[in-house]
Amino acid sequence: MSVADARRRIGVQKGRTGMRTQVGIVGAGPAGLMLSHLLHRHGIDSVVLESRSRDHVEHRVRAGVLEQGSVDLLCRTGLGERLLREGLRHEGIELRFAGESHRVPMTELTGRAITVYGQQEVVKDLIAARLAAGGTILFDADVVRLDGLDSPSPVVRYRRDGREEELRCDFVAGCDGFHGVSRGAVPEGVLTSYERAYPFAWLGVLAAAAPAVDELVYAHHDRGFALYSMRSPEISRLYLQVAPDEDLAAWPDARIWAELRVRLETVPGWSLTEGPVLEKSITPMRSFVVEPMQWERLFLAGDAVHIVPPTGAKGMNLALADVALLGDAFAAWYGHGRTDLLAGYSATALRRVWRAQHFSWWMTSMLHRLAHDDPYEAKLQTATLRYAATSRAYATSLAENYVGLPEV
Ligand code: FAD
Ligand code: DHB
């Protein structure tokens with residue numbers, strides 16, 4: 001397709017053989033929805049295909065920490081209203097270990113902050129904005145195959161209401177998470193993957209209990225890691241390190257609270273507030289990257305190409321950072337015929353991805369119980385935590401990664 005053709009707005013067209021759009025987006029998670037929103041702001045049409053229902057994606061409890069850069073992106077693109085009203089701005093985190101509690105004053109050290117705002121709220125805001133702008137999101141549309149990615153007109157094949165349908169487009173954005181189909185559409189031998197598995201998982205709990213803390217608590221304990229987070233003045237979000245093959249059924253609410261008390265009530269005079277458990281789930285931990293993040297007309301973003309263990313709170317932020325680059329790259333291509341940003345997308349995105357990979361691995365290694373029988377490792381962890389608690393230089397390194405580095 002010529003640049004002149006590309007500049008012409010195609011619009012979402014429905015023909016005999018299916019729809020046509022400019023960018024076909026697989027997945028309505030933070031990456032896919034944000035990309036569609038950014039493209040719309042540049043006058044570029046897209047269609048988002050999502051295998052699950054709208055209700056499902058709007059209520060899937062996951063991440064909660066937005067870096068300053070993610071908040072800025074959401075606000076700059078008109079999505080800040082509810083975020084600024086309901087999001088909880090935090091200027092520090094607490095490290096709890098060896099019966100001590102230490103605050104890392106992130107904003108004092110970096111001038112930046114994080115905002116606690118549930119991923120499903122970001123997803124709700126994005127869906128509402130896309131639909132209000134007349135955007136097309138097809139829920140319950142399961143993408144089964146991507147064809148013609150090395151041609152000027154790729155085809156996304158999907159199943160909806162028992163029928164096979166197709167979406168033709170100029171480019172495909174694979175934003176379908178770790179278990180999606182997009183990554184698998186790249187021919188064998190093109191991608192290189194880098195992986196690390198961890199011998200533990202997280203049990204996550206959402207509880208109707210007023211948070212007993214103002215800031216997040218990352219706790220290192222002989223029995224394993226625990227994290228105290230929140231969603232609102234009435235809702236707490238808590239995590240426990242558990243075995244990778246842990247059975248959720250083995251964790252009735254009373255056992256969860258008892259274990260949280262053991263791992264978190266290590267500071268004199270401090271106690272948890274308990275309340276009804278609204279939701280609980282187990283998440284495996286892994287580090288994973290595939291390179292490059294692009295093949296021909298397929299651009300991969302978010303969890304589809306990289307996973308981090310959640311300890312550094314980076315996954316959703318990386319997904320948003322990827323599509324911020326991709327939005328600008330498509331705008332340069334459609335608006336000015338520039339190919340350099342699309343060609344450089346993977347290399348540019350991977351710089352941030354690897355910084356976050358290192359930070360997430362480091363936080364995970366410092367805070368979890370790594371092996372049952374390695375007292376030497378446990379001593380190293382305490383030494384690292386104490387260094388982070390007492391050295392301004394080390395704490396600044398933690399803080400600037402946690403709030404998100406503006407340039408990587
Ligand atoms: P996803 O959110 O996984 O979206 C992909 C979408 O694609 C899904 O809706 C899926 O249904 C859809 N899909 C899949 N296959 C198909 C198909 N074949 N056809 C059509 N659609 C398909 N990150 C942070 O930044 N901060 C945190 O504090 C944090 N905490 C976390 C805590 C937990 C317990 C977990 C599980 C994750 C956490 N994360 C955190 C990570 C964060 O949730 C993910 O990195 C984020 O969801 C990635 O967004 P995404 O859009 O790339 O992928
Ligand atoms: C939350 C999740 C994380 O992975 C993290 O590091 C901090 C907070 C949360 O869900 O609130």
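Which strand supplies the largest share of the shell around ligand 2? I found that strand 17 does, with three residues.

**Conventions.** I worked from a predicted model, in which local features need pLDDT of at least 70 and side-chain atom pairs count only at pLDDT 80 or more, while totals for chains, interfaces and linings use all residues. Residues are numbered from 1 along each chain as its sequence is written, chains are lettered from A and ligands numbered from 1 in the order in which they are written, and side-chain values use heavy atoms, with hydrogens and water left out. Helices (H or I, at least four residues) and strands (E, at least two) are DSSP runs, numbered from the N terminus.

**Entry 1: ligand 2.** I listed the residues near this ligand, that is, those with a heavy atom within 4 Å of it. The shell holds 15 residues, and the closest are Tyr218, Ser229, Arg231, Tyr239 and Pro310. Strand 17 (226-232) and strand 18 (235-242) each supply at least two of the shell residues. By class I recorded nine nonpolar, three polar and three charged residues. Here Ala, Val, Leu, Ile, Met, Phe, Trp, Tyr, Cys and Pro count as nonpolar, Asp, Glu, Lys and Arg as charged, and the others, Gly among them, as polar.

I then looked up polar contacts, which are pairs of N or O atoms within 3.5 Å; within protein, one must be able to donate a hydrogen and the other to accept it, and residues adjacent in sequence count only if both atoms are side-chain atoms. The side chain of tyrosine 239 places an N or O atom 2.6 Å from an oxygen atom of ligand 2. For tyrosine 218, a polar side-chain atom lies 2.7 Å from a ligand oxygen atom. Threonine 311 uses a backbone N or O atom, at 3.3 Å from an oxygen atom of ligand 2. The protein buries 96% of the 290 Å² that ligand 2 exposes when taken alone; such accessible areas come from the Shrake-Rupley method with a 1.4 Å probe, and for residues only the protein chains shown count as cover.

**Entry 2: ligand 1.** I found 37 residues around ligand 1, of which Glu50, Arg60, Gln119, Asp303 and Met316 come nearest. Helix 9 contributes the most to this shell, with four residues. A backbone N or O atom of methionine 316 lies 2.6 Å from an oxygen atom of ligand 1. Alanine 313 has a polar backbone atom 3.2 Å from a ligand oxygen atom. Taken alone, ligand 1 exposes 1000 Å², and the protein buries 91% of that.

**Entry 3: helix packing.** Helix 2 and helix 9 pack at an angle of about 30°, with their axes 9 Å apart. Axes are lines fitted to C-alpha atoms, for helices over the stretch in contact, and angles run from 0 to 180 degrees between N-to-C directions. Helix 2 is therefore roughly parallel to helix 9; angles under 35 degrees count as roughly parallel, over 145 as roughly antiparallel, 65 to 115 as roughly perpendicular and the rest as oblique.

**Entry 4: backbone.** I noted that the peptide bond from glutamate 291 to proline 292 is cis, with omega near -10°. Proline 292 is found in the loop between strand 19 (277-291) and strand 20 (294-295). Alanine 98 has a positive phi, near 50°, and lies in the loop between strand 7 (93-97) and strand 8 (100-104).
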